[in-house]
Every structure is written in structure tokens, then in C-alpha cells.
Amino acid sequence: MNHIQVERLPAPTVVSSEKPKESLSSAALSPDQMTQFAEQYAYKKATNTTAKTLSLALSAGVFIGLAFVFYITVTTGSSGVGWGVSRLLGGLAFSLGLVMLVVCGGELFTSSVLSIIPRANGQLNTRAMLANWSKVYLGNFVGALLLVLVVSGAKLYQLDHGQWGLNALSIAQHKLEHGFMQAVMLGMLCNLLVCLAVWMTFSAKTSAAKAALVILPVAMFVSTGFEHVVANMFMVPLGIAIKAWAEPAFWAQVGVQASAFEHLTWANFASHNLIPVTIGNIIGGAVIVGLGYWSVYSRGSQLEPVRPKFSVLSNQYSGPVGEPTMQNLKTITVADIMSPADNALSPDMTIASACDALVAQELSGAVVVNENNELQGFVSELEILRKLWLEDYSKPSTTTVASIMQKDIMTVAPNHNLLKLAEYMSVDVAQVYPVSESGVLLSSTHQPLEERLRNSSVYRPKIFPVVDSGKLVGVVTRHQVLKALRPALGAPVKLEEPQAEVAESVA
């Protein structure tokens, strides 16, 4: 049995509801459109299945670990070229990790914290956001540790007569020498750059452009010594593994004793690096970048308390004269236009009773709730007609609503934005703007936007249950949405009365 989808209606598009007229392939997104893109992008990732999230997070941990392998190789034996140049070369090498992520896909904890944007907009609750962060964090850690096992097993630490391993040990030990607040600040600076790098890719249309945009921010944070928690999930355990597993010949070759790295322990890793760097990464990415852009571009239109511009009863526009219509429409939520679910059906009522209820109220369908007002499903005219056909139009006396109702249904929350719901009801953005999950344009077309829209097809419900904290609080229909958006067409048009002679001839 499928479960009811009682979460908020997922944001179905990767572009702003205020679409530019030109093709997405020829115009970059503006900063406010990038913020909306980031919100929808983060929401989509945060609502992936657990299995998909863990798999993508594991691969991301491997990608970042491989980037550090590249960094160690490039910086080993490079002291002769100067400290700054050596670090720059290492930073450029490390950027391979984020390039692989934006092109191939993956779930990285440091960018997953941007899901605080849909949380701020009310699309995610705190529990769902933290659950997603936890799953990504765990997946990154597992992926990094798996790569540590592979790299250790391959004995890469023996490269360059052991200098590769000695470089890795020195890097790992240095990461445990920061004070707690210093590690927090270094983590904050790191994820400020990482999230800005990811943010910039939202304006790019090709994989090559996305890759180019992330290189310099990543090279900067790596070369300057900022701290990235997922990179450290690989680097410090690698140092611990080399210290524990390297043969006596390795230590003799590099002329250093294992005791020189006595601070490389799991306990020190957790207290001196992992915990403070995680805190810093959250501050830099979620607070500074995520909430920073949200407060500038989305806060006023999403969460600022405003009086509804439409009366719930009449849906007539009542905003100030001369105020732009679009600005008023942006403030409307589902709660402003929804109707009470007074016509809800019970799962144990017969379909004959359900049919009578639909016919009497001239409804095309109705929600089904239990005694606790929890959504159970949806019954439309179609389900009843199909059942009648199966029974050869004989009386199905024992058939209940529970046996024919749809259980996989889409719902919205009361604070869902009206314009986003209208877009989801009417436009298949994936066909109009074909992009991948990571926002890469899949195909280009020179057709005008209107023609692409006309050639696309979309099949969405006409009625959406409105659910808040697991309880049904109302329903919103396509007709209600259209009625609420009527002011966008200008002043009401007075319908002319038919002429008397025309009426008589028709009679």
C-alpha cells in the first residue's frame, strides 16, 4: 500500500516564477532568481529518499577525498617553488572535488546546509532539515573513510620515497593544532566560499561554466588553510591510518618516528577539528550565505506578516490604488483562498453515499479523512465510474470509499505561495526548460517561450488538500486559484446583456 504524500508540495521548477522572455540558454539568472533557484534546488535535495541521499552523500565523500589525494600529490616536494605558489597549485588541484560534484552530482554537507532557505520559507520543518543534514553528514563520513581504506591499502603513503605519506601526516596533524574558536572561524570562512561557489553555478547553463565558477573560490579556501569538515573526514583519518599501519621501513625511510604524531587520535580529531569545523561550516554556509541571500531577496515576499490582498469570501482585489499587481500577488498564500473541507468523506462510507455527496454538491471529487481529521486519500468521479464499470453497473453494495480512493496524492501547506501553486498546476517546467537535477540545461531550443509552453503538456490535480501538522485544514481548487489571480488581467470586464431580439430568436 502506498503512503499518502502529506508533505508540502515540492517545488517543481528550477527557475523563478517570474520567467524572462528569452530562452534560459541565452540569459543568466538574476540574483533574485538565483535565490529562488537555490530554494527549489535545496528543497529538492532535502526531500530525496534516504537511500538516494546516503548514496549521493557517500559518493561526495569519495570525491572530496580524491581531491585531497590530488592536493597531497601536488604539494609533496614542492617547497622549492615557494609557499604561496605551492599552496595555490594544491588548491587548484583540490578544486577537482567540487567540479566532480557539480557535474556528476552528489550530496555534500557543506552545501546541503543551504536547505535552511526552504526552512526559512516554511517549505521544510526543522526536523526534516536536520534529518537531511544528518544523513548527508553520515554519508560523507562513510565515503571518506572508505577511501581512506582504499588509499591505505594501496600504500600511496610510500610514494616519493615516503614523502607523500610524511606530507599527509603533517597536514593531518596541523589540522589538530587549532584552538576551538580558531577552528570555528576557519570553518566559517571555508564554507562561505564553498557555498558562494555553488551559488554562482546557479547562474551557469553548461557543465563547463559551472566547473569554471567553482575553481577559484575552492582554490582560495584550500590554499589559505580554511577548514572543510568533509575534507577533514578524509585527511585526518588518513593520517591516523598511516600512523597506525605504516611499516617500520616507512618510518626509517622518512627519518621520523611515529611518536612525532602522537596527537593524531580520534578523540583529538573530534574535539579539536570535527566539532568546531562543523559548527563553523554551518555558520558560513547556512547563516551567512543562505539566510543572508534569503533575507535580501525572499524574506519580504515569503514570511513578512501582511494583510491578505484578497478577501477570503469575495477574492476581490483590495490593494492600494496604483500598487503593482504582481507585488500583491506575491504575498498571497493558499490559506488566503482555500475553502474549509466541509465535504470530506469517511473511508468506511459506501461509494453510493460518496456518489450522493458528490452529486448533491456538484463536486468532481472530495478528500477522505479519518475520525482524527487525518488525510487518508481522495475520491473523484473517475474512481466511482471505474468501479461501476467493473461491476457491470450492478449495485456494489459492500464497496467502501477506502477500497477505491487514491492513496498517493499531492498536498499543499497553508503557507504555500499561490504563484508557485498556480505554476505547478499549469506548467510542466521540465518540458519548457529541460534541465537536470543539478540545474544543467539538457537541450537548447530556439522556439519562443509561448510556443514551447503550448507544445508542453501537464496533468495535475484540480483539487489539492491543504494539510498542516498532519491535519486536513481545507482544500484549494484550480478554480479558486484562477479567481484569485484574476486581478492580473486588469479591471473587471462588464459582460454585455444579450439583446432582446437575439434572446427571442434563440427561444
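Trainee: What covers the buried residues of α17?

Mentor: Good place to begin, and keep in mind that this is a predicted model. The buried residues of helix α17, which spans residues 351-360, are Ile351, Ala354, Ala357 and Leu358. Their cover includes β1 (365-369), β2 (375-380), α18 (381-390) and α19 (401-404).

Trainee: Why do the buried residues of α17 line one face of the helix?

Mentor: An α-helix has 3.6 residues a turn, so residues three or four places apart point the same way. In this helix the buried set is Ile351, Ala354, Ala357 and Leu358. Viewed down the axis of α17, these buried residues line one face because they fall within an arc of 115°.

Trainee: Which exposed residues does the face of α17 turned away from its buried side carry?

Mentor: Exposed here requires over 50% relative accessible area. On α17, the face turned away from the buried side carries Asp356, Val359 and Ala360.

Trainee: Is Leu375 buried or exposed?

Mentor: Leu375 belongs to strand β2, and β2 is one of the elements covering the buried residues of α17. The cut-off for buried is under 20% relative accessible area. Leu375 has 5% relative accessibility, so the residue counts as buried.

Trainee: What separation do the C-alpha atoms of Leu375 and Val467 have?

Mentor: Along the chain, Leu375 and Val467 are 92 residues apart.

Trainee: At roughly what angle do the axes of α7 and α11 cross?

Mentor: Helix α7 covers residues 126-153 and helix α11 covers residues 229-245. The crossing of α7 past α11 is right-handed. Their axes come within 9 Å, and the crossing angle is roughly 35°.

Trainee: How many residues of the contact of α7 with α11 are charged?

Mentor: On the α7 side, the contact residues include Tyr137, Phe141, Leu145 and Val148, while those of α11 include Met233, Phe234, Leu238 and Trp245. The contact divides into 16 nonpolar residues and two polar ones.

How values were computed:
Residues are numbered from 1 along each chain as its sequence is written. This is a predicted model: local features need pLDDT of at least 70, side-chain atom pairs count only at pLDDT 80 or more; totals for chains, interfaces and linings use all residues. Side-chain values use heavy atoms; hydrogens and water are left out. Axes are lines fitted to C-alpha atoms, for helices over the stretch in contact, and angles run from 0 to 180 degrees between N-to-C directions. Helices (H or I, at least four residues) and strands (E, at least two) are DSSP runs, numbered from the N terminus. A crossing is left-handed if the near helix is turned anticlockwise from the far one by less than a right angle, and right-handed if clockwise. Contact means heavy atoms within 4.5 Å. Ala, Val, Leu, Ile, Met, Phe, Trp, Tyr, Cys and Pro count as nonpolar, Asp, Glu, Lys and Arg as charged, and the others, Gly among them, as polar. Buried means under 20% relative accessible area, exposed over 50%, partly exposed in between (1.4 Å probe, protein chains only). The arc is that of the directions from the helix axis to the C-beta atoms.
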